[in-house]
Amino acid sequence: MHFEPSYAIMHLRGLPLKCDKKDELKMRYAELSPAALQAELKKTQAQYKEALAQHLNLDLSRGKPCKEQLDLVSDILRAVEKPEDCLSEGGFDCRNYGVPDGLPEMKALFADLLSLPQDSILVGGNSSLNLMYDMLSRAMLYGVPGGNGPWAKEKELSFICPVPGYDRHFLVTQTLGIRMIPVRFRDGDLDMDAIEAIAASDASVKGIWCCPKYSNPDGITYSDRTVERLARMKCAAPDFRIMWDNAYAVHHLYEGREDRLADIFAACRKAGNENRVYYFFSTSKISFPGAGVSMVAMSAENLAAAKRQMGVQTIGYDKINQLRHVRYFGDAEHIRAHMEKQAQIIRPKFEMVKRILSEQLGSTGVASWTDPNGGYFISLYVMPGTASRVGQLCAEAGVKLTNVGATYPYGKDPDDSNIRIAPTYPSNTDLEKAMQVLAVAVKLAALEKLNG
Ligand SMILES: Cc1ncc(COP(=O)(O)O)c(C=O)c1O
């Protein structure tokens, strides 16, 4: 991933500027004279007025596939049509109760795609987030192998939350009463020095949220060294868990620019910490969000405990949908080919977002943004203290953004700077209009602040 720590922000803090073209220096807001700043403010206010006059109703907040992506996979609905189609490879009639941990052929497909041991996999329903919530809820109620009973009985519980991150992860821990400790990414990777220090020093720290590949929202992929350090770091809590949400494992945007993620399972096994990781994945953004298939993989001891407890929760998930996915995709190779077709649809949208940001904001020195190799988001960093104002300006102009602050625990971005852009869902025309408004709002909020 290419990501420059906001040189604009660095400049505002008195750090050196990074700039290629000499004439661009003239445009950098922080270097303009008071009179020039006023003039720029007036010009941008006029642009914003034009945006208001368009009476737009656009949405940049939803990290979900567009219709073309869904249409690409719609034949999956015809993969299981007749009663005789409902027989699994082992001859099991999938219309009935049974096989609670998932069809062997579905496990084999996940194992093949993610290079996981097949017998470590438990197939879930339509949502990996659901599996994450259930996993932590059960830890609260019953505890996990290696621990001292139900987490809920402990005086204090905490979780490490790399930031910015996925708002729904944070909502799960918040709802369960688990204190969240935000740790910023550093140099495009987890800040392992900080994480190791926290995990080693405090037995209330029970785990960490990880979106290890093309992270939501910064598009970061953890380095091999980080994966190894996570697997072997000393933890004061004997039952520390890594919630490894590899949601974007195969969601590459550019052929030949694919990030590679080290094998957390192998690293944990090598470090003698096999029970440390729960590995989540789903086909939500491969087939249909809300109608895909999820899974969680874990050690044999973890699996035995989870199966015992899940057997109380459900008699089994939707095996007919598992069959649909196995029949339609066949093998990992076909899923990879399908993901390349998906990328062809969404790549131009990512390119458009980056082009508009660069054209509109590149010279102002008040914003920086990510250029991810995969995943679903572009992460925009605006001048500190202005992201909420940008959100407000966009909302008033009819452009909905992901709630500003949502990418941080408790919805609070201490810098009020990060905005998550989800380019996939809107049409190209709508995306272009929305991005132009967003760019004007970023400039206007910065100019208002700089003009005092
Ligand atoms: C990091 C991450 N994990 C999980 C999910 C949701 O996955 P699922 O649909 O399998 O619940 C999302 C959806 O945006 C996500 O970004």
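A salt bridge is a side-chain nitrogen of Lys or Arg within 4 Å of a carboxyl oxygen of Asp or Glu. Arg 184 and Asp 415 form one through their side chains, at 2.9 Å from N to O. Between domain 1 and domain 2 the count is two salt bridges.

This is a predicted model, where local features need pLDDT of at least 70, side-chain atom pairs count only at pLDDT 80 or more, and totals for chains, interfaces and linings use all residues. Residues are numbered from 1 along each chain as its sequence is written, and side-chain values use heavy atoms, leaving out hydrogens and water.

How much area do domain 1 and domain 2 bury between them? The figure is about 2,600 Å², with 55% of it on carbon and sulfur atoms. Met 339, Asn 373 and Tyr 410 supply 25% of the area that domain 1 buries against domain 2, more than any other three residues. Buried area is the accessible area (1.4 Å probe) that two parts lose on being put together, summed over both.
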